[in-house]
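Please keep the sequence and the model in view while reading the numbered points.

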Amino acid sequence: SKHWMNLSRSFDEDPHPSLDHSSQWILYQRRWYLLIVYSVLSCQQSILWITFSPVAEATKSYFDTTDGGVNLLLAWGPIIYIPCLFLTGQMLSEKGGLRKVVLIGAALDGIAGPIRCIALLDPKSWWALWVVSLGQILNAAVGPLMMASPSKFSASWFGEHERTTVTSIATTANALGGAIGFIYSPYVVEYLSLPWLIIIQAIQSAVIMMWVFIYFPERPPTPPSASAELLEFQLENPKSKKLGFYQEFDQLCRSSNFLLFATIGGVSQGAFAGWSGMFNLILEPLGYSPTFAGWMGFSSTLAGIFGGICVGILGDTIFKMKFKLIILVSLVVATMSCLYFSLTLPSFFSEEPILPNSYWSIVLSIIAAGLFLGSTAPLFLELGAEISFPISEGSSAAVITLAQNLASLIVLMVAPLIDRNSINIFSAVSIGITTVAIFFVDESYKRMNFLRNFARVGNLKRSES
């Protein structure tokens, strides 16, 4: 174990540490089961979060509230995310942190669903909406637990050749929950009622909580890779001088290269999140119904999920150590899609569309933007972990998702101040700026280089024995 002490000097170059490669890395079949459990919990968190927005009119009528009340139930997500993110980062940097994060997330969601049911006792009372808000707040606290831990989960249980794919699946599971919610909530309310929707989701949350508590270990008996073995040693050996979360957070904030990269991820993802949330406002003047706008949001989300998983597979195979290239190409196409969409609509510099618009031009441009922007989300987490290594994956993911949520909040705050016809151009320009900025990011694969050097030295020692 003593050989681990000096492994974090420099991973950009080709270090030649003297290592006793005595451990055998093992990939356990149960890792795929745990991926399913993790993804279902993340998906359920997003389903609960978006419960009331797709059925806003039914919610206003049943709880006797206004648009502001319904919007508040959704806004608790980003409001609670930021303060809870720091607690998440602290837990992920500690021994047993991954298991703790997942179990706490399952417990909070398991409690949040039933708490909302209390409001059904007297939905017209002054306290009913606040009880529902309490449930939404508890569920919102699960957001950072699940969104900041995918790269830590994949690094703890999966091999080097699987990590990008697994991070993609775990990341897009949360987005899938939002997409399901757009269809799921209106369907249940139409054929049953809003109270039944709340009750069914409470049962779902309780069942998933019990499922997670049955079996979700922190890590496998034997590490799946050298980086996982290094992290395990650092957490168990106090002499390794493993940095705490706040120390790692401070180091990340002092790295101009990482901060630029995190900002690019935040602005690109945040701009699209804000823009897609206003499809109804944007498309209504063109004669398209709210239902059509809802399906566009659903379709763009599904396209992003598909793109994220495909890119994850490509990043583990054909385009290994070429994440920046994939991000760059994706941002270029996404910018072109948003710009094309913007030019088919009235804007602040032209009351008439510059390009002709049609049903299919709107559908294809929105889906293309969702596909290529969605594909970058897991790559930002994985490349962020590579750039910042040996800082833990949980800490780098925490900073990147913090940037994304801050950008989303800024977009939502600025949007009401911007003319309706300028929203599209604003979004396209924001994503375009990130496309240019990615050129200035210094791409490095410190974690992958470390794994290769460690494996090479281990093979050399075995050949000499």
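Does Glu 57 count as buried or exposed, and what is its relative accessibility? The points below take up this question first and then turn to other parts of the model, which is a predicted one.

1. Glu 57 counts as exposed, because its relative accessibility is 57% and the cut-off for that class is over 50%. Its salt-bridge partner is Lys 60, and the closest N and O atoms of the two are 3.1 Å apart. Lys 60, by contrast, has a relative accessible area of 17% and is therefore buried. Both residues belong to helix H2, where they sit three residues apart, about one turn of the helix.

2. The structure holds three salt bridges, and one of them joins Arg 31 to Glu 162, with 2.7 Å between the closest N and O atoms. Arg 31 lies in helix H1 (residues 30–49) and Glu 162 in the loop between H6 and helix H7 (163–191), so this pair ties together parts that are 131 residues apart in sequence. Arg 31 and Glu 162 are both buried.

3. A further salt bridge links the side chains of Arg 254 and Asp 250, at 2.8 Å from N to O. The two residues are separated by about one helical turn because they are four residues apart in helix H10 (residues 245–254). Arg 254 has a relative accessibility of 66% and so counts as exposed, whereas Asp 250, at 35%, counts as partly exposed.

4. Glu 218 deserves a separate comment. This residue is placed in the loop between helix H8 (194–214) and helix H9 (226–236). Glu 218 is buried yet has no salt bridge, and the nearest side chain of opposite charge, that of Lys 152, is 4.8 Å away. A polar atom of the Glu 218 side chain does lie 3.0 Å from the backbone nitrogen of Leu 98. Leaving aside residues up to four places away in sequence, Glu 218 touches Gly 96, Gly 97, Leu 98, Arg 99, Ser 156 and Trp 157.

5. Helix H6 (residues 150–157) is largely enclosed by the rest of the structure, because eight of its eight residues are buried. Among these buried residues are Lys 152, Ser 156 and Trp 157.

6. Asp 64 has a positive phi of about 55° although it is not a glycine. Its place is in the loop between helix H2 (56–63) and helix H3 (67–92). Asp 64 counts as exposed because its relative accessibility is 58%.

7. On cysteines, the structure holds zero disulfides. Cys 84 counts as buried, at 18% relative accessibility, while Cys 310 is partly exposed, with a relative accessible area of 30%.

8. Finally, some values describe the chain as a whole. The chain has 18 helices and zero strands. Buried residues account for 56% of its 465 residues. Among contacts between residues at least 6 apart in sequence, 83% join residues at least 24 apart. The chain exposes about 19,600 Å², of which carbon and sulfur atoms supply 66%.

Notes: Residues are numbered from 1 along each chain as its sequence is written. This is a predicted model: local features need pLDDT of at least 70, side-chain atom pairs count only at pLDDT 80 or more; totals for chains, interfaces and linings use all residues. Side-chain values use heavy atoms; hydrogens and water are left out. Buried means under 20% relative accessible area, exposed over 50%, partly exposed in between (1.4 Å probe, protein chains only). Lys and Arg count as positive and Asp and Glu as negative; His and the chain ends are not counted. A salt bridge is a side-chain nitrogen of Lys or Arg within 4 Å of a carboxyl oxygen of Asp or Glu. A polar contact is a pair of N or O atoms within 3.5 Å; within protein, one must be able to donate a hydrogen and the other to accept it, and residues adjacent in sequence count only if both atoms are side-chain atoms. Contact means heavy atoms within 4.5 Å. A disulfide is a pair of cysteine sulfur atoms within 2.5 Å. Accessible areas come from the Shrake-Rupley method with a 1.4 Å probe; for residues, only the protein chains shown count as cover.
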